[in-house]
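Thanks for making time this morning. I have a few local features to go through, and I will take them one by one.

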Amino acid sequence: MLRIAIQKSGRLSDDSLNLIRECGISFINSSLKLKTESTNFPLEILFLRDDDIPGYVADGVADIGIVGQNVLVEEGMQDLTVEALGFSKCRLSLAVPKGDSYSSVEDLNGKNIATSYPNLLQAYLSERGVQANIHTISGSVEIAPSIGLADAICDIVSSGSTLISNGLREVEQVFKSQAVLIANKELSEEKREILEKLLFRINAVQRAQRAKYILLNAPNDKIAEISKLLPGVKSPTVLPLLEEGWSSLHSVVNEDDFWEIIEKLKASGAQGILVVPIEKMII
Ligand code: ATP
Ligand code: ZN
């Protein structure tokens, strides 16, 4: 049995639970419970505050966990990282009241900065030779300047709308973060095997999220040209259409390359192009 710690309720919770479900791992989730056990995979899920997850994994209370890199690095435990998970992307940024003049990070010398991430901020400022007074507060950092508690803040930003609605302007990016899977360093052989199985599934889910299945019709004399654009996992599948001289070509395309390839496919005479999601992908 492997124990995974995930955030009980917050911005990591839904995506963490979805990832576990997409790995085909079923469990009964009750928001009142602190732990639950999967019904079809040797996994127990603990629901914790995100700040506690690195410590519990380091101590072996949980074997693995999902946490934001911001929290992990703030707590000095980045060496527990196994794999980046690609969700809960955000940044830790410095912001000042929007009317204040600001030209560079040196302007923060001698200033009071409120943050929940004193270690990340201190490292950033020290690297740049800036000395500021860091005030550590645990929540509502963005209101600190308006109540006279600080001249600037250093806080998590995703869209920036919270900063704007508090009259603040983002001036420096201190740290880029996403959710990561972490693991205890001394897992037993049995637990390591379960983790390997889980990672295999996570990788299949993640690969599928970026990949699309593509089907199109093409004149037979264009198949070689189109196949070069759509190499797929091994090579495209080509099936004859009932109409003489035409084939249907099936392949896999990476979402990031998608629009660029579509243009070229059309120029090569492809018709009836269908692009459909892939649920799992094992190569
Ligand atoms: P807890 O009660 O568990 O301590 P919290 O209030 O500290 O929760 P959340 O606000 O739920 O934490 O954020 C959890 C993590 O999600 C953050 O540490 C960060 O990695 C990520 N995160 C925070 N804000 C955003 C955002 N706006 N967009 C995307 N990810 C975010
Ligand atoms: Zn927290």
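Let me start with Ser140, which sits in the loop that links strand 8 (133-136) to strand 9 (152-157). Before going on, please keep in mind that this is a predicted model.

What is the phi of Ser140? The angle is positive, about 50°, although Ser140 is not a glycine. For background, most residues other than glycine have a negative phi.

Where is Ser88 found? Its place is the loop between strand 5 (81-84) and strand 6 (90-97). Ser88 has a relative accessibility of 21%. Because buried means under 20%, Ser88 is classed as partly exposed.

Next, the aromatic side chains. How many aromatic pairs does the structure hold? There is one. It is made by Phe258 and Trp259, with 4.8 Å from centre to centre and 65° between the planes. Since planes over 60 degrees apart count as edge-to-face, that is the label for Phe258 and Trp259.

Are the two partners buried or exposed? Phe258 is buried, at 14% relative accessible area. Trp259, in contrast, is exposed, with a value of 62%.

Asp257 is partly exposed, at 37% relative accessible area. How far is Asp257 from Gln7? Along the chain they are 250 residues apart, and their C-alpha atoms are separated by 34 Å.

Last item, the surface charge. Which residues gather in the patch of negative charge? They are Glu189, Glu190, Glu193 and Glu196, and the patch is on the surface. Glu189 belongs to helix 6, which covers residues 189-210. Its relative accessible area is 58%. Patch members need over 30%, so Glu189 passes that cut-off, and at 58% it is also classed as exposed.

Phe258 and Trp259 form an edge-to-face pair, and four glutamates, Glu189, Glu190, Glu193 and Glu196, form the negative patch. That is what I have for today.

Key
Residues numbered from 1 in each chain as written. Chains lettered and ligands numbered in written order. Predicted model: local features only at pLDDT ≥ 70, side-chain atom pairs only at ≥ 80, totals over all residues. Heavy atoms only, no water. Patch = residues over 30% accessible without salt bridge, like charges linked within 9 Å, V, L, I, M, F, W, Y side chains within 5 Å. Areas by Shrake-Rupley, 256 points an atom, 1.4 Å probe, with all protein chains shown as cover. Salt bridge = Lys/Arg side-chain N within 4 Å of Asp/Glu carboxyl O. Lys, Arg positive; Asp, Glu negative; His and termini not counted. Charge placed at Lys NZ, Arg CZ, Asp CG, Glu CD. Helix = DSSP H or I, 4+ residues; strand = E, 2+ residues; numbered from the N terminus. Buried < 20%, exposed > 50% of the residue type's maximum accessible area, 1.4 Å probe, protein only. Phe/Tyr/Trp six-rings, centres within 6.5 Å; stacked < 30°, edge-to-face > 60°.
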